[in-house]
Structures are given as structure tokens and as C-alpha cells.
Amino acid sequence: MLQPSISGDELSISALVGSVAEDLKLPLMQIARKVELGYLEGKSAEETLSDLDGIASDALKLMDSYSLGLELGERQQLLELEPLSIQAVLYDTAQEMDSMAKRYGVELELNTTGARHQLIMANKTGLRAALLSLGSVFIESTATTSPRPTITLAAYKTAQGIASGIYSQTADISPGALALACRLSGRARQPLSNYSTGSAMGIYVANNILQAMSAKLRTSRFRHQGGLGMVLLPSRQLQLV
Amino acid sequence: MKRILLVEPDKILAQVYKASLKRAGYEVTQVSGAQEAIISANDFHPDIVVLELKLVGHNGVEFLYEFRSYPDWQEIPVIINSLIHPREFASSAILWREIKVAGYLYKPQSSLKQLSSAIRFILDKEAQSSVPASLKRIENFYTARDFGF
């Protein structure tokens with residue numbers, strides 16, 4: 001089930017950069033405190049470094065996604081589309097999110113039974129960046145709000161096209177809350193305060209990237225789970241056999 | 001053994017803070033949100049609360065108002081350990097007078113050692129007349145006096 005899409009007011013780059021800086025504090029603090037704890041506990045360098053490597057790598061991936069989203073939002077440009085396997089994109093994104101999910105104790109599920117072998121028109125880099133940005137918000141929030149945290153990356157057919165998104169048991173985000181979150185991004189400390197402690201920049205960025213693909217971020221539901229998703233047009237040119 | 005109720009929404013930081021405070025000799029219960037914190041305070045009877053203000057749902061200030069509304073909890077010291085910079089509360093009597101925060105640490109710039117020292121300082125009433133050397137050098141631990149309250 002899909003809800004009407006959102007639109008946000010224009011936002012100054014400085015406000016957005018401020019929000020990105022706020023989001024970047026968290027992985028850096030995690031690194032600093034883990035190093036300190038490692039010293040206190042006399043942990044081996046290998047143990048500590050392996051943890052830190054994961055945090056740093058995930059933060060860098062996220063910053064790349066944020067850069068893309070902010071640039072697209074600033075320049076209002078469109079991304080080139082190509083036929084892609086939505087199953088493959090979701091699988092690759094799940095692989096990228098896996099280390100962060102493990103660190104937070106969140107289980108990742110992939111469900112593309114409703115859209116297996118479907119090709120969609122999208123930009124591969126953009127779509128992965130959008131999903132990664134959304135995924136990071138979902139992982140941090142679900143870990144906080146759920147006793148058995150699980151998020152699902154899913155794709156399924158709808159009358160309008162192939163719907164795809166990220167879902168969880170605790171992501172009961174209304175269309176109004178999503179619209180407000182995007183409007184308040186960069187302005188409010190916690191634009192999605194009932195779901196996340198962070199700046200919701202991942203949602204704002206995902207929305208920008210999707211708009212550059214002529215798609216829009218919407219609230220949606222998948223098998224009794226709430227979430228955020230998008231509808232992508234199927235490719236008519238090729239069909240996987 | 002003194003008991004700490006740690007209200008920290010980020011799972012990774014929560015694990016680190018909890019491990020560090022247990023090493024420092026405290027019994028620690030960690031929760032992620034305001035509602036859980038009220039329930040835990042009732043079950044766990046903490047000697048001190050360490051609180052992040054940016055929570056999901058009800059924020060830390062709302063939690064503190066509710067916390068202080070219970071007669072049994074009015075004198076339990078609360079240290080804020082938050083992502084929000086204390087300058088945002090510099091001229092506000094709310095934190096220091098109404099909900100009686102004992103101290104404030106700015107999380108991005110405060111180490112595990114500083115948190116332990118701050119807790120020790122607040123809990124040890126006899127030591128309160130002299131601030132530990134480690135705290136004197138650190139600009140990130142604030143008390144009501146720093147803001148004229």
C-alpha cells in the first residue's frame with residue numbers, strides 16, 4: 001500500500017551540512033569510545049581495529065550517499081536510468097548494510113518473491129545510495145525501539161510499477177510524519193522524533209536521490225510492517241528468462 | 001555497589017558506556033528511552049542517573065520532569081551526558097533549578113574516564129568540596145555554578 005509522496009521546502013546548504021556533521025559525530029564517538037574501552041580492557045589491537053574498521057567504512061559509505069543526495073538536491077539534476085534487476089540491487093545493498101546491522105544486532109531480511117526477475121528503470125549508484133541512507137536510519141532506530149530488531153528489504157509488484165523499500169515492525173511512520181521530517185530536516189534536531197534520535201538526514205537524502213530518478217519516497221507497508229519505499233517503473237526492453 | 005541507571009539510545013555507545021562503568025565498579029542498568037527509564041527506576045532503585053537528552057518519543061527533559069514528580073526520586077542525582085551542547089541551556093533555569101540536574105557532560109568531547117570521574121564526584125558527597133584534578137582541567141563538565149545558578 002502506497003501513500004502520496006512528500007515534498008520538502010528548499011533548505012540552505014549550511015543547514016544541511018550542519019545536520020550531516022551532527023550525523024557524523026555518532027560514528028566518530030563510537031570509534032573514540034571503543035578505542036578508549038579497548039585500552040581499559042587491554043583488548044588486542046586486532047579485536048579493536050576490526051570493530052573500528054567496520055564503523056569507519058560504514059560511515060564513509062554513508063557520507064558518499066549524503067554527498068550524492070545533497071548535490072542532487074542543490075543542482076536539481078536528473079540521473080541517467082538503466083535497466084536493473086531490483087533483486088540484485090536489494091541483495092547488494094543488504095550486503096553493504098550487513099556490517100552495520102550486525103554491529104547493532106539487527107537482523108536483515110530480503111524479500112523479493114513478489115518481484116523476482118523483474119527489471120526496473122533506475123540509476124544503480126543512486127538507488128543503492130538511497131537505500132543505504134534509508135537503511136542506516138532504520139538500523140539505528142530499530143535497534144533502539146525493538147526488542148528483536150529486524151528490517152526487511154523488499155520488492156513487490158503493484159499496479160503502478162515495482163514497489164521497493166525498507167520495512168520494520170516499529171517503523172509506523174505516517175505520510176504526515178514523513179512530510180514533516182523532510183521539511184524539518186536541517187532545521188529541527190529530531191525531525192522524526194517518534195522514530196529516530198537523529199537528524200533524519202538519511203531520509204532527506206534518499207528523497208533527493210529518488211526525485212533525481214523521477215521517483216518519490218513514500219510511506220508504505222509490507223506484510224504488516226511499516227516502512228519507506230518507492231515505486232520504480234519496470235523496464236520494457238529486456239526480460240530475464 | 002552503587003547503581004547507575006544509564007539512559008542511552010545508541011546501542012553501540014550503550015555497550016561501551018555500560019562496560020566502562022561496570023569496570024569502574026558500578027552496577028549498571030541501561031535503557032533506551034524515557035518510558036523504559038521510568039520503569040527501570042522503579043525496579044532498579046538507582047543511586048544516580050546518566051541521561052542522554054535526545055531520545056525516541058519523549059525526550060530527556062520530559063523524562064526528567066516525570067522523574068522528579070515522584071517524591072522518592074527527587075534527590076537522586078542526574079548527570080546529563082548528551083549530544084546537545086550545554087550552551088543551549090546556559091541561561092535556562094529549567095535544568096539547574098526546576099529539574100535539578102547535578103552535572104552536564106557534552107558527549108562528543110567527554111571520555112569514558114571523564115564520565116566515571118564525574119559520577120564519582122557527584123556520588124561522593126565528601127569530595128564535593130574539592131573538584132577532582134581531572135575535572136578541573138576539563139571544560140566539558142558543567143554544573144549549575146558554571147551558569148550562575
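A salt bridge is taken here as a side-chain nitrogen of Lys or Arg within 4 Å of a carboxyl oxygen of Asp or Glu. The views below show a predicted model.

**View 1. Salt bridge between A:Arg75 and A:Glu71 in helix α2 of chain A.** The N-to-O distance between the two side chains is 3.3 Å. A:Arg75 is exposed at 56% relative accessibility, whereas A:Glu71 is partly exposed at 37%.

**View 2. Salt bridge between A:Asp98 and A:Lys102.** The closest N and O atoms are 2.6 Å apart. Both residues belong to helix α3 (residues 86-103) of chain A, four residues apart. A:Asp98 is partly exposed, with 29% relative accessibility, and A:Lys102 is exposed, with 60%.

**View 3. Salt-bridge network of A:Asp58, A:Lys61 and A:Arg103.** Over all chains, the whole structure has 13 salt bridges.

**View 4. Salt bridge across the interface of chain B and chain A.** A:Arg189 and B:Glu88 meet at 2.9 Å, N to O. A:Arg189 lies in the loop between α5 (175-184) and α6 (201-211) of chain A, and B:Glu88 in the loop between β4 (78-82) and α4 (93-98) of chain B, so the pair joins two chains. A:Arg189 is partly exposed at 38%, as is B:Glu88 at 46%.

**View 5. The interface of chain B and chain A.** The two chains bury about 2,300 Å², with carbon and sulfur atoms giving 61%. B:Ile12, B:Lys54 and B:Val56 supply 26% of the area that chain B buries against chain A, more than any other three residues.

Conventions:
Residues numbered from 1 in each chain as written. Chains lettered and ligands numbered in written order. Predicted model: local features only at pLDDT ≥ 70, side-chain atom pairs only at ≥ 80, totals over all residues. Heavy atoms only, no water. Buried area = accessible area lost by both parts, 1.4 Å probe. Buried < 20%, exposed > 50% of the residue type's maximum accessible area, 1.4 Å probe, protein only.
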